[in-house]
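Here's a quick walk through this model, starting at the surface and working back to the overall layout. Have a look at the coordinates first.

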Amino acid sequence: MQLAARLARSLLRSAARPGQAQRGIVSGPPEQPVGPAESVVAFVVMFASCLGPAAWVLAHLEDYKKGE
């Protein structure tokens, strides 16, 4: 039991200890703003990747009900 408690304490201590700040993260506005065409393409891709499989299943629901 002491081994598990010691292990948990060491893991929690390292997680709670504040570390060095990560380098390479820059806050603020982007250097090159995203255009409307890029935004539309991104939204279409996200829409298709999220709702495409659900639409496929609903379109083929009768095939799945039959079951072979």
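Helices H2 and H3 each put at least two residues into a nonpolar patch. This is a predicted model, so keep that in mind throughout. The patch sits on the surface and is made of Trp56, Val57, Leu58, Leu61 and Tyr64, which together have about 530 Å² of accessible area. H2 gives the largest share, with three residues. Leucine 61, for its part, belongs to helix H3.

The partners are lysine 65 and glutamate 62, with their closest N and O atoms 3.8 Å apart. Both residues are in helix H3 (residues 61-66), and they are three residues apart, about one turn of the helix. In general, side chains of opposite charge can pair when their charged atoms come close. Lysine 65 counts as exposed because its relative accessibility is 58%, and the exposed class starts over 50%.

## H2 and its kink

On to helix H2. Where does H2 kink? There's a kink of about 40° at leucine 51, shortly before proline 53. H2 has 24 residues and the number buried is zero, so the helix lies largely in the open. An unreviewed UniProt entry annotates residues 40-59 as "transmembrane region". In the model that span is 100% helix and 0% strand, and its end C-alpha atoms lie 26 Å apart.

Stepping back, the protein chain has three helices and zero strands, and reading along the sequence gives the pattern α-α-α. Buried residues make up 0% of the 68 residues in the chain. The chain exposes about 6,900 Å², with carbon and sulfur atoms supplying 65% of that area.

As for confidence, the chain averages a pLDDT of 83, and 82% of the residues score at least 70.

| Element | Residues | Mean pLDDT |
|---|---|---|
| Helix H1 (lowest) | residues 2-16 | 72 |
| Helix H2 (highest) | residues 36-59 | 95 |

Where pLDDT is low, the predicted coordinates should not be read in detail.

Definitions and conventions: Residues are numbered from 1 along each chain as its sequence is written. This is a predicted model: local features need pLDDT of at least 70, side-chain atom pairs count only at pLDDT 80 or more; totals for chains, interfaces and linings use all residues. Side-chain values use heavy atoms; hydrogens and water are left out. UniProt positions are given in the numbering used here, feature names are shortened, and annotations may be inferred rather than shown by experiment. Helices (H or I, at least four residues) and strands (E, at least two) are DSSP runs, numbered from the N terminus. pLDDT is the predictor's confidence in each residue, from 0 to 100. Buried means under 20% relative accessible area, exposed over 50%, partly exposed in between (1.4 Å probe, protein chains only). Accessible areas come from the Shrake-Rupley method with a 1.4 Å probe; for residues, only the protein chains shown count as cover. A salt bridge is a side-chain nitrogen of Lys or Arg within 4 Å of a carboxyl oxygen of Asp or Glu. The bend at a residue is the angle between axes fitted to the seven residues ending there and the seven starting there. Patches are made of residues with over 30% relative accessible area and no salt bridge: like charges are joined within 9 Å, nonpolar side chains (Val, Leu, Ile, Met, Phe, Trp, Tyr) within 5 Å.
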